[in-house]
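Please keep the structure open while reading.

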Amino acid sequence: MSSGPSLQALFEQGRPAPHSLEIDQALGSLYERFGVGPRPPVTIGRYRVAGRLGTGGLGIVYRAFDPSLKRFVAIKVLKGGKEAAEHDVRLLHEAQVLARIRHAHVVEVFDVGFFEDHGRQRFFVAMELVEGTDLRRWLVQGPAFGAVVDAFVAAAQGLAAAHQAGLLHRDFKPSNVLMGEDDAVKVADFGLAAVQQELLAEIGSTTWSIPDGAVTLSWRPGGTLHYMSPEQQRGEPLTPASDQYSFCVSLYEAAYGAPLFDGEDRASILASKQQPPRLPRDDRVPRSLRHLLALGLQPRPEDRFESMEALGQALAQVRANKKRWWWIGAAGLGVTGLGVAAAALGLRGDPEVIEPSCPTPPASFDRGSSTLRRTAGPTQQPEMIEALDAYGTALRQRWDSSCTLEHRAQARVQRCLAQCGDALAALGDLFDRGARDALAKGWSLVRALPNVHRCAPGDEGWDHGFVAAATGRAKLLAAAGKLAEARVVLEGLLTDPVVMHSDRVRRHVEIELAEVDASDGRYAAAQKTLEHTYFEAASDGEFRAAARSSVFLVAHGYRTGNIQSAIQWSRTAQTQLGLVQPRDYDLETMLWHNLALTHMVAGDLGEALTTIRRAVEHASAPGVSPHLREAALQVYAELLLFNGRPAEALEIHQTHLQTGQARPQRDAMASVVNLQSLGNTLMTLHDLEGAWAAYRDAYALGREMLGSTHLQTVSACLSLAWTQGDRGEAEQARQTLEPCLAQMVQQLGEEHPNVSVARGIAARLASQRGEADEAWRLFQRALESLRRNYGESHYSVGDVLHEMGVARARAEDREGALRHLRRALRVREATLPEQHVNRAETLAALGRLELELDDTGPGRQHLAEAIEIFEARQVDPSFIQEHRDLLVAKEPSP
Amino acid sequence: MTWDEQTSDAMLLRAWREGDKTAADVLITRLGPRLYNFFASKVVDGADALCQQALADCVADSGPLGPDGTRHSVRCLMFTAARQRLLQRLGERGSSSLDPGERSVADLDPRIDEVVDGPLQRRRLLLALRQLPVDAQVALELSYWERLTTEEIARVIERPEPEVEAQLARARAQLRGMIDDEREVSDRTIDARGSEDERG
């Protein structure tokens with residue numbers, strides 16, 4: 001038995017408060033959401049809360065309005081609190097010290113105090129509202145090295161100012177440095193960690209006690225483990241050198257792009273901190289910066305810089321040297337400039353900064369090589385690293401050669417190159433984090449990097465080069481599933497002067513934004529934008545934009561299942577495309593491709609096949625992106641199969657798509673899709689072993705590269721189960737199928753047509769295991785759902801009816817089997833081309849059954865017709881022979 | 001029609017579904033804090049939005065409503081919707097598949113430790129609860145704080161009643177063990193957890 005209080009008692013003590021500031025705020029938004037009358041605003045002291053900005057380690061930050069000074073402020077409400085009766089004058093007095101610093105690089109504190117929150121005294125800090133992001137988030141975007149150092153120099157000045165005012169920060173880390181939209185850099189939360197520790201300490205009976213007469217906030221613990229100085233972690237008194245240490249941990253992370261300390265184990269982290277720091281050589285980190293970090297990260301406070309101010313000056317010097325070094329290198333003097341690194345630490349050396357003639361290239365240009373090498377990873381990565389490296393090199397070369405341009409041209413070219421660099425960094429980052437969506441489409445994303453050649457000082461090229469690079473970056477992010485980031489890039493572009501001053505360029509960006517909206521499921525918004533752009537562009541006689549928006553509207557119709565709209569827009573798109581000179585084959589391919597998919601969804605397989613053939617024709621024009629060509633061929637193969645022409649589909653796979661062969665620079669995603677499609681084809685040709693192997697490979701590759709929850713992997717899994725069942729591995733098939741089916745239901749919902757098809761497979765497996773009732777239940781469910789989705793006359797309804805007939809026959813219910821097969825035949829005849837191999841399948845099943853009942857009936861005719869189609873469609877010869885043998889055996893005696 | 005504190009949850013929700021804003025007001029005031037607290041102990045931010053979604057689900061639902069203590073009680077309906085929304089949210093964060101019978105809130109979002117607040121005893125309990133599988137945490141909280149019956153909890157976490165009984169017993173034992181272990185660790189460690197590294 002436990003010696004502590006009962007659980008009942010613990011839960012009673014731990015019961016959440018029925019009222020608090022946060023609850024009031026949540027209730028406020030509920031009243032608002034559900035249209036219940038307005039309430040007085042929640043207040044903190046005299047401030048009216050307008051919304052929540054975020055939740056951090058110390059507490060919740062609100063955006064609030066100060067009615068007396070008529071301005072918005074940020075209010076941080078610290079965790080913990082005091083009993084209502086206590087009014088802690090001493091703590092308040094201490095906290096007011098926080099409001100003492102005024103500095104360009106420190107967030108200004110307007111007011112501190114306690115306010116009553118449902119019977120508790122809680123502590124708040126009202127401060128300057130900085131709109132923007134914080135250093136931690138900003139660093140993730142891969143800013144240029146020079147900009148990073150500049151931000152840290154500013155933060156160092158903020159810390160130094162506070163130290164001069166006699167205040168320690170005590171919890172410096174990148175997330176405590178705010179980056180304003182106006183590029184302001186401001187250190188926030190001075191001393192708050194100490195206040196909070198005290199609030200928590202007083203309420204909970206911790207071991208911390210407050211010594212008499214302590215009036216400064218200099219000694220208490222608190223702070224964030226990884227950034228804490230060793231003395232802080234040991235609970236010793238703090239000095240300004242402790243903030244230096246935290247500052248240098250942050251700077252190390254920013255420079256190396258990796259944490260200095262790994263793991264969560266406090267003891268082992270402390271042990272590392274008590275050793276002199278290890279600073280690996282890295283081309284991106286200048287030696288002068290390494291020396292600075294080495295000093296700032298010394299285990300003993302007295303061995304660090306003499307002051308924060310000295311550290312800041314040394315860092316400014318690093319920046320100056322870096323600029324100078326690059327300038328010398330660019331001028332062809334061949335001096336590496338590293339010799340001056342020591343001077344950087346001298347501090348008393350020449351403070352004069354040499355103005356460079358050309359800015360340092362952004363650090364993002366080097367992102368490619370720094371990323372993939374670190375992650376152990378899936379196949380093809382060495383080539384991807386090379387491709388990214390080559391891209392970075394191209395950027396650097398262009399940057400270097402831009403240095404000879406006159407100032408304005410140089411700035412424009414470099415702006416464009418910086419966008420390309422950001423795209424490279426974003427991609428490197430995605431690969432680095434092992435983002436599934438990005439790895440699945442790895443090569444497509446590498447190819448989607450903005451075209452460096454657009455960043456040229458041509459007659460009008462540079463403006464558009466910049467926009468092209470930025471939209472390219474957004475498209476890349478969108479393709480990798482980073483829709484929010486893509487949106488930020490595009491929305492930023494819309495407010496850029498280059499874009500605002502040209503309708504043509506603005507439309508270009510708006511169309512891309514609509515695509516991001518559509519991918520994000522914001523269909524209505526996407527449609528509105530596209531229609532608007534179309535009409536605007538058409539009336540301006542700007543055919544390319546009009547064509548582009550109308551093609552996207554076709555795709556939009558397809559995605560939202562609005563067939564009529566897609567077909568109507570496809571006519572408009574054809575007209576507009578006819579006016580574009582020179583012809584845009586990429587766009588034409590996209591039009592036919594999407595229209596083919598539309599016909600397919602509408603169940604018009606013949607029309608879909610004709611249409612996709614046009615897409616394939618257009619895709620073979622010179623200059624069309626190989627990615628578009630492959631996608632069109634893939635759908636072509638699929639549609640040949642859907643039209644019951646598996647042998648021709650197989651040929652596309654073997655000759656054009658080379659499915660199943662290792663091909664360099666093919667996306668994992670495309671490989672899985674192709675293998676799946678190959679499997680479907682072979683299955684239709686009754687090459688069970690071939691199909692099984694294709695599905696097995698698709699499933700294995702999908703699990704490795706896309707993850708086991710990816711829908712494409714799930715589809716491969718279901719298909720694999722299907723072939724396992726046919727190979728007589730009933731139990732294994734069940735084990736394969738069940739988790740995948742559950743996964744699919746979870747993602748698509750019970751009613752999705754694909755789930756119904758999957759349930760059809762489950763039913764077939766159950767029937768093969770002899771569980772006739774279970775099979776029947778599943779079939780019924782699949783059938784009802786498909787009918788609800790598609791109506792009676794859709795080929796997938798025919799598929800299920802056929803399977804039901806076969807299952808009935810297996811369960812020895814001849815009557816039921818005949819009934820369902822005949823219905824299947826009717827549906828298939830109405831929905832499939834006459835020579836469709838699936839129609840032959842039903843004819844054959846029906847014929848076999850009819851012959852068993854009566855040698856002279858329609859059975860012979862059905863079987864004979866099936867054999868004819870099988871032959872025309874080049875189905876597996878032994879399969880055809882079986883049917884021929886049956887026909888001979890049942891030859892009526894003369 | 002006027003609604004007051006004596007009107008049952010079920011009557012209020014029925015009236016709300018028919019468009020009665022006063023009923024909505026009374027019900028939000030009555031159940032809103034409970035709903036908020038349900039989410040606040042499991043997500044770092046966005047509890048407001050989750051509350052809205054869960055309540056909207058309850059209003060949109062057209063299923064039967066019954067008295068408290070039964071599987072059709074309004075609280076039961078509300079916490080069922082809340083759990084669904086919670087799982088959906090946690091699933092968005094987690095990279096691997098989410099099994100609420102196995103994974104804990106702390107597994108799925110290590111940042112959760114940051115939002116622990118209040119006296120030591122309470123923080124100890126909250127930290128321990130977050131280490132339990134999500135459904136075990138939900139079951140215990142609903143049992144102790146909301147006084148939901150086993151029948152109601154069974155519906156919320158979508159498990160048969162006998163299984164819920166067993167799960168509750170197991171969760172109690174697990175929680176007991178964790179709290180006793182935690183007591184061994186110095187107060188200082190627990191104290192520092194409140195402001196530890198954000199990256200988890």
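## Arg559(A) and its helix

Arg559(A) is partly exposed, because 18 other C-beta atoms lie within 10 Å. The cut-offs are these: a residue is buried with 20 or more other C-beta atoms within 10 Å of its own, exposed with 12 or fewer, and partly exposed in between, the C-beta atoms being placed from the backbone. Arg559(A) sits in helix 23 of chain A, residues 543-560. Helices (H or I, at least four residues) and strands (E, at least two) are DSSP runs, numbered from the N terminus. Tyr523(A) is 36 residues away from Arg559(A) along the chain, yet their C-alpha atoms are separated by 9.0 Å.

This is a predicted model: local features need pLDDT of at least 70, side-chain atom pairs count only at pLDDT 80 or more, and totals for chains, interfaces and linings use all residues. Residues are numbered from 1 along each chain as its sequence is written, while chains are lettered from A and ligands numbered from 1 in the order in which they are written.

## The two chains

Chain A contains 39 helices and ten strands. It has 894 residues, of which 50% count as buried. Contacts here are residue pairs whose C-beta atoms, placed from the backbone, lie within 7 Å. Among contacts in chain A with a separation of 6 or more, 61% join residues 24 or more positions apart.

Chain B has ten helices and zero strands. Its pattern along the sequence is α-α-α-α-α-α-α-α-α-α. Of its 200 residues, 46% count as buried. Residues 24 or more positions apart supply 60% of the chain B contacts with a separation of 6 or more.

## Helices 23 and 24 of chain A

The axis of helix 23 of chain A comes within 8 Å of that of helix 24 of chain A (residues 563-579), and the two cross at roughly 160 degrees. Axes are lines fitted to C-alpha atoms, for helices over the stretch in contact, and angles run from 0 to 180 degrees between N-to-C directions. Helix 23 and helix 24 of chain A are therefore roughly antiparallel. Angles under 35 degrees count as roughly parallel, over 145 as roughly antiparallel, 65 to 115 as roughly perpendicular and the rest as oblique.

The crossing of helix 23 of chain A past helix 24 of chain A is left-handed, meaning that the near helix is turned anticlockwise from the far one by less than a right angle. Ala, Val, Leu, Ile, Met, Phe, Trp, Tyr, Cys and Pro count as nonpolar, Asp, Glu, Lys and Arg as charged, and the others, Gly among them, as polar.

## Helices 37 and 38 of chain A

Helix 37 (residues 837-853) and helix 38 (residues 859-872) of chain A pack at about 150 degrees, with axes 7 Å apart. That makes helix 37 of chain A roughly antiparallel to helix 38 of chain A. Their crossing is left-handed. Among the residues that meet are Leu843(A), Arg848(A) and Glu850(A) in helix 37 and Arg860(A), Glu865(A) and Phe870(A) in helix 38. This contact divides into ten nonpolar, three polar and five charged residues.

## Nonpolar cores

Which residues touch the most other members of the largest nonpolar core? They are Val554(A), Ala596(A), Ile612(A), Tyr636(A) and Leu639(A), in a core of 163 residues. Helix 15 of chain A (residues 407-432) gives the largest share, twelve residues. A nonpolar core is a set of buried Ala, Val, Leu, Ile, Met, Phe, Trp, Tyr and Cys residues joined through C-beta atoms within 7 Å.

Leaving aside residues up to four places away in sequence, Tyr636(A) touches Ile612(A), Arg613(A), Val616(A) and Ile652(A). A second, separate core has 82 residues, including Val149(A) and Leu315(A).

## Loop backbone

Gln581(A) and Pro582(A) are joined by a cis peptide bond, with omega about -10 degrees. Pro582(A) lies in the loop between helix 24 and helix 25 (585-601) of chain A.

His686(A) is not a glycine but has a positive phi of about 65 degrees. His686(A) counts as buried because it has 20 C-beta neighbours inside 10 Å. In chain B, Glu158(B) has a positive phi near 60 degrees. Glu158(B) is in the loop between helix 8 (150-156) and helix 9 (161-184) of chain B.

Terms used: Two residues are in contact if their C-beta atoms, placed from the backbone, lie within 7 Å.
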